[in-house]
Amino acid sequence: MSQASLHGKWTISSSDDDDEVLPPSGTATPKSRRPAESSRVSSGSPSPVPEPAPPEVKAEPDSAPVFALSVGSEARQSAARNQRNPVKFETSPSLSGKRKKEPSDGSGWALSDSDDEDDTEGKRSSQSKLPNREAPNGEAKKPKVESERPPSPHGRLYYKDEPDDFFETSFPCLNDTYRFYLNKVTGLDRKFNSGALHIRDILSPLFGTLKESVQFNYCFDIPWMVKQFPSEFRHCPVLIVHGDKREAKARLLQQGQPFPHVRFCQAKLDIAFGTHHTKMMLLWYEEGFRVIILTSNLIRADWYQKTQGMWMSPLFPRLPEGSSESSGESPTFFKRDLLEYLASYRTPELDEWIQRIKEHDLSETRVYLVASTPGRYVGADMERWGHLRLRKLLYDHTNPIPDEERWPVIGQFSSIGSMGMDKTKWLAGEFQRTLTTLGKSSFRSDPAIHLLYPSVEDVRTSLEGYPAGGSLPYSIQTAQKQIWLHSYFHRWKARRTGRTHAMPHIKTYMRVSPDSTQLAWFLVTSANLSKAAWGALEKNNTQIMVRSYELGVLYVPSAFSLKTFPIDTNPFPASSSSTFGFPVPFDLPPTSYSPTDQPWIWNIPYSQEPDTHGNVWVPS
């Protein structure tokens with residue numbers, strides 16, 4: 001069938017029209033139809049060269065489903081030439097707003113985070129995971145060896161070693177005012193990585209002598225993660241907090257078997273289609289304690305050529321012996337809120353970390369914690385989690401602005417959930433009310449809402465090419481039901497940070513002045529545009545239901561003794577003389593879609609023009 005919209009025409013087979021119940025596999029699945037059985041990136045040749053199928057890596061909720069790929073790039077072809085038995089990559093069920101689901105046969109590369117509840121957003125966005133492969137030299141097939149898995153649809157040889165100066169050898173020049181950083185991106189001009197951070201930088205001795213850590217995330221490549229620690233910290237205890245169940249959990253535990261210092265903690269997901277989407281590091285040093293809240297999964301694909309963001313806390317010192325439990329609190333009550341969030345997991349594995357945090361001084365923190373945890377909340381608890389938590393913070397800690405109706409709201413994300421047949425069902429109803437709250441004024445402004453989501457052309461011309469769309473799992477089944485949404489869409493353009501061609505896995509929300517020089521507030525979070533992530537009101541607005549774990553930090557000017565945040569139009573290269581300009585990661589004002597632009601939809605073909613690696617995208 002064909003579906004026309006303001007932004008082009010889609011063609012799908014009639015079999016893709018109907019909703020389909022996904023097969024059972026441990027966690028509840030979204031209602032929308034699963035993706036086609038064998039999506040692939042293809043060079044267009046009739047006999048594509050297959051690629052080795054190493055053990056798989058799990059996918060994320062806001063990522064697309066697992067795609068089957070045929071070889072297109074030279075790198076993948078050369079990797080495949082050494083394979084005696086070609087392996088085909090197959091798709092796994094889409095996971096809109098669901099707990100990560102992986103193919104039961106272990107095939108397919110998984111994508112990355114997502115978070116939908118009642119639609120099939122192949123939410124396994126940016127994480128690539130790959131299937132098992134035949135053992136070499138005629139040996140019997142062995143259990144998956146996760147260390148051999150290339151977490152990229154391009155194949156092992158796609159990743160190139162970073163230059164020697166890619167990782168910091170001296171203390172990096174950082175913006176200590178806001179402590180908001182982008183990740184380093186391979187292939188950019190060096191100046192655009194000055195002041196950005198790679199995971200190896202974060203875990204290096206430059207920031208402290210590590211004793212132990214906790215890694216909260218959706219998608220893990222345990223062998224790769226372990227290698228990111230410097231040799232002196234590589235065997236320090238690590239606790240992995242995840243949301244996997246059944247087969248997916250078994251695969252994760254198997255990844256960790258070679259590493260006795262790695263332990264696991266399963267987050268409770270009691271509501272269907274929920275995911276553990278939070279991305280946070282708790283780092284305990286000899287010198288103190290640090291929190292990092294970020295948008296990257298723990299796989300190499302997320303740290304290579306995607307745009308990601310993070311907040312890195314100061315180094316929190318230990319409190320003097322005998323300090324009260326309320327000591328070390330910040331003006332933003334960050335310590336209280338972090339402890340409350342950790343307590344929401346209701347698991348003994350985090351008890352020692354709760355105690356450690358109580359023993360440290362977090363008073364320097366100037367951001368507010370905005371979290372989601374699964375549950376149905378009533379009364380005062382409604383304002384503890386999800387978008388009502390954000391609404392409460394904006395009400396209490398921002399101030400009305402003259403002509404605020406001219407200050408647009410911008411939302412930027414990498415996955416989109418089902419929001420109903422018209423905008424009033426959620427986006428232009430309860431969520432818009434949250435995003436447009438400014439202080440205690442009774443005046444209800446109705447500013448423009450701009451949503452940034454990559455177009456097909458953005459993905460095609462990206463550093464990764466079409467496979468970058470595996471981290472942008474907007475499905476045709478969901479898109480068809482909410483064509484009204486596409487009039488909100490704006491292109492991903494990030495010349496100011498050099499990241500126009502590094503597709504976003506970062507998620508940010510903000511309120512911007514009409515001339516794009518000031519911010520009323522800024523939020524970086526794991527939460528995509530979905531009800532599963534942010535929550536939805538129920539029972540005549542007397543209850544909010546949240547499906548997923550999410551985590552972000554909110555910047556408000558009053559916490560920095562400012563009326564608004566000035567925007568830094570040239571954040572790179574970073575300068576030792578830190579300015580008060582906030583480093584918004586993309587260009588402002590945003591560029592609206594043209595009539596010919598189409599939003600990236602991962603489960604329909606793009607074969608008219610090859611991408612930057614000479615491939616086309618052919619779901620089949």
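Biologist: Which side chain makes a polar contact with the side chain of Lys507?

Modeller: The partner is the side chain of Ser414, at 3.2 Å, where a polar contact is a pair of N or O atoms within 3.5 Å, one of them able to donate a hydrogen and the other to accept it within protein, and residues adjacent in sequence count only if both atoms are side-chain atoms. Please keep in mind that this is a predicted model, in which local features need pLDDT of at least 70 and side-chain atom pairs count only at pLDDT 80 or more, while totals for chains, interfaces and linings use all residues. Residues are numbered from 1 along each chain as its sequence is written, and side-chain values use heavy atoms, with hydrogens and water left out.

Biologist: Where is Lys507, and is it buried or exposed?

Modeller: Lys507 sits in the loop between β15 and β16, strands being DSSP runs of E with at least two residues and helices runs of H or I with at least four, numbered from the N terminus. Lys507 has a relative accessible area of 0% and is therefore buried; buried means under 20%, exposed over 50% and partly exposed in between, with a 1.4 Å probe and protein chains only.

Biologist: What does UniProt list for "binding site"?

Modeller: The unreviewed UniProt entry lists Lys279 and Lys507 under that feature, with positions in the numbering used here, shortened feature names, and annotations that may be inferred rather than shown by experiment. Lys279 is in the loop between β7 and β8, and because its relative accessibility is 0% it counts as buried. A polar atom of the Lys279 side chain lies 2.9 Å from the backbone oxygen of His277.

Biologist: And where does UniProt place "active site"?

Modeller: According to the unreviewed UniProt entry, that feature is at His277 and His505. These two span 229 residues in sequence, yet no two of their C-alpha atoms are more than 12.7 Å apart, so they gather at one spot. His277 belongs to the loop between β7 and β8, whereas His505 belongs to the loop between β15 (489-490) and β16 (508-512). His277 counts as buried at 0% relative accessibility, and His505 counts as buried at 0% as well.

Biologist: What about Arg496, in which loop does it lie?

Modeller: Arg496 lies in the loop between β15 and β16, and with a relative accessible area of 11% it is buried. The backbone oxygen of Phe586 lies 3.2 Å from a polar atom of the Arg496 side chain. Leaving aside neighbours within four places in sequence, Arg496 has contacts that include Phe192, Asp568, Phe572 and Asp587, contact meaning heavy atoms within 4.5 Å. Arg496 and Phe572 are 76 residues apart in sequence, but 7.6 Å apart from C-alpha to C-alpha.

Biologist: Back to β16: how many of its residues are buried?

Modeller: Five of its five residues are buried, so the strand is mostly covered. Thr508, Met510 and Val512 point one way, while Tyr509 and Arg511 point the other way.

Biologist: Which strands do bridges join to β16?

Modeller: Strand β13 (residues 409-412) is joined to β16 by four bridges, running antiparallel, and β17 is joined to β16 by five bridges, again antiparallel; strands pair if DSSP finds at least two bridges between them. The bridge partner of Val409 is Arg511 in β16, and Tyr509 stands opposite Leu523 in β17. β16 and β17 form a hairpin with five residues between them, and Ser516 in the turn has a positive phi of about 60 degrees.

Biologist: New topic: how many residues has the largest nonpolar core?

Modeller: That core has 115 residues, with Leu485 and Tyr555 making the most contacts inside it; a nonpolar core is a set of buried Ala, Val, Leu, Ile, Met, Phe, Trp, Tyr and Cys residues joined through side-chain atoms within 4.5 Å. Strand β17 (residues 518-525) gives the most to this core, with six residues. Another core, of 31 residues, lies apart from it and includes Phe207 and Tyr285.

Biologist: What is the strand order of the open sheet?

Modeller: The seven strands follow the order β4-β10-β9-β8-β5-β6-β7, with mixed pairing, and the edge strands are β4 (180-182) and β7 (262-266), each pairing on one side only.
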